[in-house]
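Open the model in your viewer and keep the selection tool at hand. We will go stop by stop.

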Amino acid sequence: MPEIILKYQAEIWQSIGETFVMVGISIFAALLVGLPIGTLLYLCRKGQMLENRALYSSLNIFVNIVRSFPFLLLVVFLIPFTRFIVGTAIGTMAATVPLSIMAIAYYSRLVEQALLEVPRGIIESAVSMGASVPEIIFKFLFVEARSSLLLGLTTSTISFISYSTVMGIVGGGGVGDFAIRYGYQRFETELMIYMIIIMIFFVQTIQYTGTTIAKKLDKR
(Lines give C-alpha, C1' and ligand atoms only; values in the text may rest on other atoms or scores of the structure.)
Protein backbone atom coordinates (compact mmCIF):
# COMPACT_ATOMS: atom_id res chain seq x y z
CA MET A 1 0.00 0.00 0.00
CA PRO A 2 1.43 3.46 -0.91
CA GLU A 3 2.92 5.36 2.00
CA ILE A 4 0.69 8.37 1.48
CA ILE A 5 -2.43 6.19 1.77
CA LEU A 6 -1.16 4.79 5.08
CA LYS A 7 -0.44 8.32 6.28
CA TYR A 8 -4.05 9.46 5.77
CA GLN A 9 -5.72 6.09 6.31
CA ALA A 10 -8.03 7.24 9.12
CA GLU A 11 -9.14 10.35 7.22
CA ILE A 12 -9.75 8.33 4.04
CA TRP A 13 -11.99 5.84 5.81
CA GLN A 14 -13.87 8.69 7.46
CA SER A 15 -14.43 10.40 4.10
CA ILE A 16 -15.64 7.14 2.54
CA GLY A 17 -18.04 6.67 5.44
CA GLU A 18 -19.39 10.22 4.97
CA THR A 19 -19.93 9.54 1.27
CA PHE A 20 -21.81 6.33 2.08
CA VAL A 21 -24.04 8.23 4.53
CA MET A 22 -24.88 10.94 2.01
CA VAL A 23 -25.51 8.54 -0.87
CA GLY A 24 -27.34 6.00 1.33
CA ILE A 25 -29.81 8.56 2.67
CA SER A 26 -30.32 9.92 -0.86
CA ILE A 27 -31.12 6.44 -2.19
CA PHE A 28 -33.56 5.89 0.68
CA ALA A 29 -35.29 9.21 -0.11
CA ALA A 30 -35.43 8.31 -3.80
CA LEU A 31 -37.16 5.01 -3.02
CA LEU A 32 -39.40 6.33 -0.25
CA VAL A 33 -40.61 9.48 -2.05
CA GLY A 34 -39.30 9.40 -5.62
CA LEU A 35 -40.84 6.02 -6.44
CA PRO A 36 -44.38 7.07 -5.39
CA ILE A 37 -44.06 10.43 -7.18
CA GLY A 38 -42.87 8.74 -10.36
CA THR A 39 -45.74 6.26 -10.12
CA LEU A 40 -48.24 9.10 -9.69
CA LEU A 41 -46.74 10.90 -12.68
CA TYR A 42 -47.45 7.79 -14.72
CA LEU A 43 -50.93 7.12 -13.34
CA CYS A 44 -52.09 10.74 -13.60
CA ARG A 45 -50.98 11.26 -17.19
CA LYS A 46 -53.58 11.87 -19.87
CA GLY A 47 -55.26 8.59 -20.80
CA GLN A 48 -54.07 6.68 -17.73
CA MET A 49 -56.15 5.09 -14.94
CA LEU A 50 -56.02 8.02 -12.51
CA GLU A 51 -55.89 10.84 -15.06
CA ASN A 52 -55.61 14.08 -13.11
CA ARG A 53 -54.30 17.07 -15.00
CA ALA A 54 -53.86 19.31 -11.93
CA LEU A 55 -51.91 16.73 -9.89
CA TYR A 56 -49.81 15.68 -12.86
CA SER A 57 -48.94 19.31 -13.69
CA SER A 58 -47.98 20.07 -10.07
CA LEU A 59 -45.70 17.04 -9.75
CA ASN A 60 -44.26 17.57 -13.22
CA ILE A 61 -43.41 21.20 -12.48
CA PHE A 62 -41.73 20.24 -9.18
CA VAL A 63 -39.61 17.57 -10.87
CA ASN A 64 -38.65 19.83 -13.77
CA ILE A 65 -37.73 22.78 -11.55
CA VAL A 66 -35.52 20.72 -9.22
CA ARG A 67 -33.78 18.93 -12.09
CA SER A 68 -33.22 22.27 -13.88
CA PHE A 69 -31.30 23.76 -10.93
CA PRO A 70 -27.50 23.62 -11.14
CA PHE A 71 -26.79 21.46 -8.10
CA LEU A 72 -24.49 23.91 -6.33
CA LEU A 73 -27.09 26.68 -6.66
CA LEU A 74 -29.72 24.30 -5.31
CA VAL A 75 -27.53 23.62 -2.27
CA VAL A 76 -27.19 27.36 -1.59
CA PHE A 77 -30.89 28.03 -2.26
CA LEU A 78 -31.91 25.33 0.24
CA ILE A 79 -29.66 26.53 3.08
CA PRO A 80 -32.58 28.02 5.10
CA PHE A 81 -34.65 24.86 4.58
CA THR A 82 -31.67 22.65 5.45
CA ARG A 83 -31.05 24.62 8.63
CA PHE A 84 -34.74 24.23 9.54
CA ILE A 85 -34.69 20.45 8.98
CA VAL A 86 -31.40 19.45 10.64
CA GLY A 87 -30.53 22.56 12.65
CA THR A 88 -27.42 23.45 10.64
CA ALA A 89 -26.38 24.08 7.04
CA ILE A 90 -22.90 22.56 7.49
CA GLY A 91 -21.86 18.93 7.84
CA THR A 92 -22.66 15.53 6.41
CA MET A 93 -26.26 15.37 7.64
CA ALA A 94 -26.95 18.86 6.29
CA ALA A 95 -25.58 17.75 2.92
CA THR A 96 -28.16 14.95 2.75
CA VAL A 97 -31.05 17.44 2.50
CA PRO A 98 -30.30 18.93 -0.95
CA LEU A 99 -28.99 15.56 -2.11
CA SER A 100 -32.24 13.87 -1.11
CA ILE A 101 -34.40 16.48 -2.82
CA MET A 102 -32.38 16.12 -6.02
CA ALA A 103 -32.56 12.33 -5.69
CA ILE A 104 -36.35 12.42 -5.36
CA ALA A 105 -36.80 14.53 -8.49
CA TYR A 106 -34.19 12.63 -10.49
CA TYR A 107 -35.47 9.14 -9.70
CA SER A 108 -39.16 10.01 -10.00
CA ARG A 109 -38.64 10.93 -13.64
CA LEU A 110 -36.78 7.67 -14.29
CA VAL A 111 -39.61 5.76 -12.61
CA GLU A 112 -42.17 7.44 -14.85
CA GLN A 113 -40.14 6.55 -17.93
CA ALA A 114 -39.72 2.95 -16.77
CA LEU A 115 -43.46 2.51 -16.22
CA LEU A 116 -44.24 4.00 -19.62
CA GLU A 117 -42.28 1.11 -21.14
CA VAL A 118 -44.75 -1.43 -19.73
CA PRO A 119 -46.97 -2.67 -22.60
CA ARG A 120 -50.42 -1.13 -22.38
CA GLY A 121 -51.98 -4.52 -23.07
CA ILE A 122 -50.76 -5.82 -19.71
CA ILE A 123 -52.52 -3.03 -17.85
CA GLU A 124 -55.70 -3.48 -19.88
CA SER A 125 -55.65 -7.20 -19.08
CA ALA A 126 -55.25 -6.43 -15.35
CA VAL A 127 -58.19 -4.00 -15.48
CA SER A 128 -60.37 -6.53 -17.31
CA MET A 129 -59.65 -9.08 -14.57
CA GLY A 130 -60.97 -6.63 -11.98
CA ALA A 131 -57.62 -5.79 -10.36
CA SER A 132 -57.64 -2.77 -8.06
CA VAL A 133 -55.27 0.16 -8.56
CA PRO A 134 -52.86 -1.01 -5.80
CA GLU A 135 -52.87 -4.52 -7.32
CA ILE A 136 -52.14 -3.12 -10.77
CA ILE A 137 -49.26 -1.07 -9.36
CA PHE A 138 -47.58 -3.79 -7.25
CA LYS A 139 -48.49 -6.96 -9.14
CA PHE A 140 -48.25 -5.72 -12.72
CA LEU A 141 -46.53 -2.33 -13.18
CA PHE A 142 -43.65 -2.79 -10.74
CA VAL A 143 -43.18 -6.45 -11.67
CA GLU A 144 -42.99 -5.73 -15.40
CA ALA A 145 -40.78 -2.66 -14.94
CA ARG A 146 -38.54 -4.06 -12.18
CA SER A 147 -35.47 -4.33 -14.42
CA SER A 148 -35.81 -0.75 -15.68
CA LEU A 149 -36.53 0.52 -12.18
CA LEU A 150 -33.33 -1.07 -10.88
CA LEU A 151 -31.28 0.31 -13.78
CA GLY A 152 -32.74 3.74 -13.05
CA LEU A 153 -31.79 3.43 -9.39
CA THR A 154 -28.28 2.36 -10.40
CA THR A 155 -27.92 5.38 -12.68
CA SER A 156 -29.29 7.63 -9.94
CA THR A 157 -26.87 6.23 -7.34
CA ILE A 158 -23.91 6.99 -9.58
CA SER A 159 -25.20 10.54 -10.06
CA PHE A 160 -25.63 10.92 -6.28
CA ILE A 161 -21.99 9.92 -5.79
CA SER A 162 -20.99 12.61 -8.26
CA TYR A 163 -23.20 15.19 -6.53
CA SER A 164 -21.79 14.20 -3.12
CA THR A 165 -18.32 15.32 -4.20
CA VAL A 166 -19.69 18.86 -4.57
CA MET A 167 -20.90 18.91 -0.97
CA GLY A 168 -17.32 19.41 0.25
CA ILE A 169 -17.65 23.05 -0.82
CA VAL A 170 -20.27 23.60 1.88
CA GLY A 171 -18.58 21.43 4.50
CA GLY A 172 -20.47 18.25 3.69
CA GLY A 173 -17.41 16.04 3.89
CA GLY A 174 -16.97 12.90 1.82
CA VAL A 175 -14.35 11.68 -0.62
CA GLY A 176 -14.60 14.78 -2.82
CA ASP A 177 -14.05 17.10 0.13
CA PHE A 178 -11.05 15.02 1.29
CA ALA A 179 -9.50 15.07 -2.19
CA ILE A 180 -9.81 18.86 -2.37
CA ARG A 181 -8.57 19.63 1.16
CA TYR A 182 -5.76 17.08 1.43
CA GLY A 183 -4.93 16.49 -2.22
CA TYR A 184 -5.46 19.73 -4.12
CA GLN A 185 -4.97 22.40 -1.44
CA ARG A 186 -1.89 20.70 0.06
CA PHE A 187 -0.46 19.90 -3.38
CA GLU A 188 -0.58 16.16 -2.68
CA THR A 189 -1.33 15.28 -6.30
CA GLU A 190 -0.64 11.59 -5.75
CA LEU A 191 -3.21 11.45 -2.97
CA MET A 192 -5.81 13.17 -5.13
CA ILE A 193 -5.22 10.64 -7.91
CA TYR A 194 -5.70 7.74 -5.48
CA MET A 195 -9.01 9.24 -4.31
CA ILE A 196 -10.17 9.55 -7.92
CA ILE A 197 -9.29 5.88 -8.44
CA ILE A 198 -11.33 4.97 -5.35
CA MET A 199 -14.33 6.88 -6.73
CA ILE A 200 -13.98 5.17 -10.11
CA PHE A 201 -13.87 1.79 -8.36
CA PHE A 202 -17.08 2.55 -6.44
CA VAL A 203 -18.89 3.72 -9.57
CA GLN A 204 -17.80 0.71 -11.64
CA THR A 205 -18.77 -1.70 -8.87
CA ILE A 206 -22.22 -0.18 -8.48
CA GLN A 207 -22.77 -0.09 -12.25
CA TYR A 208 -21.71 -3.71 -12.70
CA THR A 209 -23.80 -4.94 -9.76
CA GLY A 210 -26.91 -3.02 -10.82
CA THR A 211 -26.64 -4.10 -14.47
CA THR A 212 -26.06 -7.75 -13.55
CA ILE A 213 -29.06 -7.92 -11.21
CA ALA A 214 -31.26 -6.03 -13.71
CA LYS A 215 -30.42 -8.57 -16.41
CA LYS A 216 -31.44 -11.43 -14.13
CA LEU A 217 -34.71 -9.65 -13.29
CA ASP A 218 -35.53 -8.97 -16.93
CA LYS A 219 -37.68 -11.90 -18.07
CA ARG A 220 -38.52 -10.44 -21.49
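The model is predicted.

**Stop 1: E112 and R45**

Select E112 and R45. Their side chains form a salt bridge, with N and O 2.7 Å apart. Now find where each one sits. E112 belongs to helix α6, residues 92–116. R45 lies in the loop between α2 (9–43) and α3 (53–68). The two are 67 residues apart, so this pair links distant parts of the chain.

Is E112 buried or exposed? E112 is buried, because its relative accessible area is 3%, and buried means under 20%. R45 has 27% relative accessibility, so R45 counts as partly exposed.

**Stop 2**

What separates E112 and R109 along helix α6? They are 3 residues apart, which means about one helical turn. An α-helix has 3.6 residues a turn, so residues three or four places apart point the same way. Both E112 and R109 are buried.

Now show R45, R109 and E112 together. Salt bridges link these residues in a network.

**Stop 3: E124 and R120**

Move to helix α7, residues 120–128. Select E124 and R120. Here the closest N and O atoms of the salt bridge are 3.7 Å apart. The cut-off is 4 Å, so this pair counts. E124 and R120 are 4 residues apart in α7, so about one helical turn separates them.

E124 has a relative accessible area of 48% and is partly exposed. R120, at 45%, is partly exposed too. How many salt bridges does the count give? The count comes to 3.

**Stop 4: helix α8**

Select residues 133–144, which make up helix α8. This helix has 12 residues. From its first C-alpha to its last, α8 reaches 15 Å, close to the expected 16 Å.

Which residues of α8 are buried? Colour I136, I137, L141 and F142: these are the buried ones. Turn the view to look down the axis of α8. The buried residues fall within an arc of 135°, so they line one face of the helix.

Now look at the face turned away from that buried side. F138 and K139 are the exposed residues there.

Last, show what covers the buried residues of α8. The cover includes α2, α6, α7 and α9 (146–166).

Note on methods
Residues are numbered from 1 along each chain as its sequence is written. This is a predicted model: local features need pLDDT of at least 70, side-chain atom pairs count only at pLDDT 80 or more; totals for chains, interfaces and linings use all residues. Side-chain values use heavy atoms; hydrogens and water are left out. Buried means under 20% relative accessible area, exposed over 50%, partly exposed in between (1.4 Å probe, protein chains only). The expected span of a helix is 1.5 Å times one less than its number of residues. The arc is that of the directions from the helix axis to the C-beta atoms. Contact means heavy atoms within 4.5 Å.
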